[in-house]
Amino acid sequence: MLSFAGFVFRALTLGLFVLFFLAALPQAAVHVAERTGEAIRQWNEPPAAARRRVLGEPCAAAIERIRRAVPRDGEYLLVDGAPPWEGGTYWVRFELAPRRARFLGPWSELASRRRRPPDGSLVVIAFGDGVPPLMMDRESFLRELDKVHGGC
Amino acid sequence: MAAAEKLAGFVGVLFFAAAGIGWLETLPGLRSLPLGRGLGLAYLLGVAWVAGSLYALSHFGGVPLHRSALSAVAALPVVVGFVARVVLGSAARRPRPRRRRRWLEAAAFVVAAAVCLGAVAEAVTNPLHDWDGRMTWATQARYVRAEATVDARVLAEPQWYVTHPQYPLLLPVAQVAALELTGAGDDVHAFRLLYVAFLPVFLLVLYGFPRRRVKRRTAALTVMAAALLPYPAFFPTGGAVSAYSDLPLACFYGAGLLLLLRVRPGFSDGVAAGALLAAAVLSKNEGTPLALAALALAALAGLRRPGRLRRLAPVGIAALFVALAIVLLVSWRAGIPNRYDEAYGSLFSLAALWPAAVNRLPLLLPKIRYEMIALDHWNLFWSVAPLVLLAGWRGLGRRGAAYLAAGALAPLAVAWIAYTLSLDAAQTVRMSWNRFLLQASIPLLTLFSFALDDLLRRVRWLRRKVEP
């Protein structure tokens with residue numbers, strides 16, 4: 001009786017293991033086909049064009065403008081213009097690295113604070129993935145903050 | 001030109017493999033490994049040696065991370081390996097009886113190769129687009145490369161916005177080496193192949209190391225199953241197509257553990273395991289507790305067998321490497337103020353762990369279960385694997401299985417401690433459980449192969465079909 005139950009259990013287990021292969025093979029085939037097809041279509045695409053394709057032209061262009069304005073060994077002030085779970089500051093910081101970022105905080109908090117941000121020539125406001133970051137000089141940024149503070 | 005830039009990434013992979021092959025030639029107990037297993041181990045040793053040496057030279061010696069330094073570091077094992085080959089002669093591989101490749105092994109190879117090809121295609125086509133890769137690992141690599149030092153100003157000065165500045169830098173340094181070698185710009189994404197290469201290594205380790213304990217058909221089925229798991233290959237937050245350090249850590253930790261748990265580990269196993277576990281320490285925060293767990297388990301296994309001194313010697317050698325890696329990590333971190341980090345270390349206390357470790361079970365277990373049964377994470381594997389372990393339970397009585405089980409639990413225990421301390425445990429589970437499971441997957445899948453081997457052995461009608 002127990003021997004028969006063991007046989008049934010082993011057969012069932014192997015059947016489910018085969019089911020796993022039957023489910024996983026098409027899933028893997030789709031992954032492989034999609035990526036291989038894209039690699040073939042884009043085989044001669046330069047890295048810069050790949051970045052523009054993935055980031056979107058507006059975002060890639062905005063990043064390039066900031067890169068030209070801030071030298072590689074330079075620094076900038078960074079503000080988070082989107083909710084933190086969107087990670088906007090991470091993506092912008094990555095694209096601008098090795099330029100050094102000094103984080104001022106979320107725009108929503110800066111707008112409610114009266115403390116002036118530290119000295120720095122350029123301010124970059126980051127948004128979510130695919131949304132072009134904004135670049136402005138410190139004076140323009142302070143004017144925007146003053147507008148929110150009611151000009152006080 | 002664009003195609004040449006895409007191929008540049010392969011140069012980096014070959015560069016690390018060549019360094020690893022050089023070291024393998026100097027290890028008598030490992031130089032006669034079969035080609036596949038040898039190549040997998042060579043890549044791991046190569047990354048560990050090149051990136052680990054550059055890390056140490058940069059921090060302790062102030063050596064700039066330029067092409068001259070990395071060429072010298074990589075050339076050393078190649079030269080030493082060549083001399084070893086001349087002096088010792090070609091590795092005398094054990095004579096193997098001529099055998100025909102069975103269809104199951106051929107099918108496993110085809111499936112694994114196709115999956116790896118898909119991951120390679122992704123890496124050479126698209127720039128990095130994952131969360132942690134951009135937030136931490138690849139960004140740190142850009143800082144380190146620009147300043148040509150692991151003690152970069154941007155890490156050491158607290159006013160700069162750097163996420164997880166104290167995260168160990170082995171993989172970023174390897175990325176720097178790969179880019180410096182070819183003179184590629186930061187925007188060239190060919191460095192992603194460095195991470196993708198850990199996928200075939202993962203599969204080679206899974207096939208090669210348990211192969212001595214299970215039948216070829218079982219090893220082939222295990223590798224095929226592992227290759228078909230969506231998470232390790234294609235998942236954007238932790239798989240081979242990302243720049244997360246979890247798959248590299250899984251390989252360093254898993255291979256190091258398997259080397260130390262061999263039936264008769266020797267000097268060569270100790271040296272190789274030590275290098276891999278040292279690389280684990282320098283790859284991620286979790287690497288240190290995992291390396292220590294591997295050493296403890298190997299020591300325990302050695303103590304329980306006859307000839308203790310001889311069995312503990314490889315563990316001692318490995319421990320030396322791990323100790324050096326920990327010294328490097330502690331010294332390097334001492335100069336970096338931590339910020340923008342969860343700082344689990346500062347939250348750790350017995351009061352924080354108990355009773356939260358138990359109270360959070362009802363909240364977190366359903367979320368963990370969801371992560372394991374979601375089809376786009378692991379397909380049906382973790383629904384089927386427990387049944388295979390049950391049905392083939394006699395296989396789990398093999399020598400070393402208990403230590404492998406403990407080795408598999410180590411990353412999951414680290415996970416549980418993190419979830420107990422976390423301020424938002426449910427979110428932390430969602431973001432990290434699969435990655436800890438990946439870190440545990442080499443010992444887990446090795447245990448799976450033991451159970452599967454026993455299960456298949458008991459099904460005579462299937463054996464006749466699989467092995468005519």
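A: Buried here means under 20% relative accessible area, with exposed over 50% and partly exposed in between (1.4 Å probe, protein chains only). Helices (H or I, at least four residues) and strands (E, at least two) are DSSP runs, numbered from the N terminus. The model is predicted: local features need pLDDT of at least 70 and side-chain atom pairs count only at pLDDT 80 or more, while totals for chains, interfaces and linings use all residues. Residues are numbered from 1 along each chain as its sequence is written, chains are lettered from A and ligands numbered from 1 in the order in which they are written, and side-chain values use heavy atoms, with hydrogens and water left out.

Two strands count as paired if DSSP finds at least two bridges between them. Strand 3 of chain A pairs with strand 1 of chain A (residues 75-80) in the parallel sense, over 4 bridges. Within this parallel pairing, A:A126 is the bridge partner of A:D80. Strand 4 of chain A (residues 134-137) is also joined to strand 3 of chain A by 4 bridges, but these two strands run antiparallel. Here A:D137, in strand 4 of chain A, is the bridge partner of A:L122.

As for the wider setting, the domain assignment, which is automatic or taken from a database, gives chain A domain 1 (1-44) and domain 2 (56-149). The centres of these two domains of chain A, taken over C-alpha atoms, are separated by 46 Å.

Chain B, by contrast, has 25 helices and 0 strands. Of the 468 residues in chain B, 60% are buried. One of the buried residues is B:V196, at 4% relative accessibility, which lies in helix 8 of chain B (residues 192-196). Leaving aside neighbours within four places in sequence, B:V196 is in contact (heavy atoms within 4.5 Å) with B:A119, B:V120, B:A123, B:A240 and B:V241. B:V196 and B:A119 are 77 residues apart in sequence, yet 6.4 Å apart in space, C-alpha to C-alpha.
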